[in-house]
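Keep the structure in view while you read.

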Amino acid sequence: MQSGLLTESFTAERVAALAEDDWRRRAGEFQQPLLGRNLALRDALQVIAQRHDTSVSCIAIAWTLSWPGVSGAIVGARTPKQVDGWIGAAAIELTRRDLDEIAAAIWDTKAGTGPSRSRRPRTLRRNVA
């Protein structure tokens, strides 16, 4: 969840209100311009979340699980309520359109590095006589 950034409840105002001793006040991804980029990515994921009637957190986890070879995602929560926001992620099947929109959002917002597209395994078709 990128320490809360990929949740609907995180805002620039929330960062400003963090306790002085909260490590996020000093972390780069919580400072401008990275904070703005990360929140823009979160906002772009909101459209996909609405399409699937779920949370941004679920979409972020479903995207992680869409990568070949990935069979699980390690996600931490401080409260049971936070778990409710992403517990259904494994059941979400992202479409090619969803994956393309996520890749475009990562590219457009510059909110990440590394590969942004997963490749779903193709279904093998057998010729049946």
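A salt bridge is a side-chain nitrogen of Lys or Arg within 4 Å of a carboxyl oxygen of Asp or Glu. This is a predicted model: local features need pLDDT of at least 70, side-chain atom pairs count only at pLDDT 80 or more, and totals for chains, interfaces and linings use all residues. Residues are numbered from 1 along each chain as its sequence is written, and side-chain values use heavy atoms, with hydrogens and water left out.

Q: How many helices are there in the chain?
A: Helices (H or I, at least four residues) and strands (E, at least two) are DSSP runs, numbered from the N terminus. From that end, the elements run α-α-α-α-α. Strands number 0, and the count of helices is 5.

Q: What percentage of the residues in the chain is buried?
A: Buried means under 20% relative accessible area, exposed over 50%, and partly exposed in between (1.4 Å probe, protein chains only). The chain has 129 residues, and the buried share is 33%.

Q: Which residues are linked in a network of salt bridges with Glu101?
A: Side chains of opposite charge can pair when their charged atoms come close. The whole structure holds 7 salt bridges. The network joins Glu101 to Arg51, Arg97 and Asp98.

Q: Where does Arg24 lie, and which residue meets its side chain in a salt bridge?
A: Arg24 lies in the loop between helix 1 (12–16) and helix 2 (34–51). Its relative accessible area is 9%, so Arg24 is buried. Its salt bridge spans 2.8 Å, N to O, and the partner is Asp22.

Q: Which residues does Arg24 touch, not counting those up to four places away in sequence?
A: Contact means heavy atoms within 4.5 Å. Leaving out residues up to four places away, Arg24 touches Ser3, Phe10, Arg14, Leu18, Phe30 and Gln31.

Q: Which residue forms a salt bridge with Arg25?
A: Arg25 has 24% relative accessibility, so Arg25 counts as partly exposed. The closest N and O atoms are 3.3 Å apart, and the partner is Glu20.

Q: How many aromatic pairs are there?
A: Rings of Phe, Tyr and Trp (its six-membered ring) pair if their centres lie within 6.5 Å. Planes under 30 degrees apart count as stacked, over 60 as edge-to-face and the rest as tilted. By this rule the count is 2.

Q: What is the angle between the planes of Trp23 and Phe30?
A: Trp23 is partly exposed at 42% relative accessible area, whereas Phe30 is buried at 1%. Their rings lie 5.9 Å apart, centre to centre. The pair is edge-to-face, with an angle of 85 degrees.

Q: What is the centre to centre distance of the Trp63 and Trp67 pair?
A: Trp63 and Trp67 form an edge-to-face aromatic pair. Their planes stand at 90 degrees, and the centres are separated by 5.5 Å.
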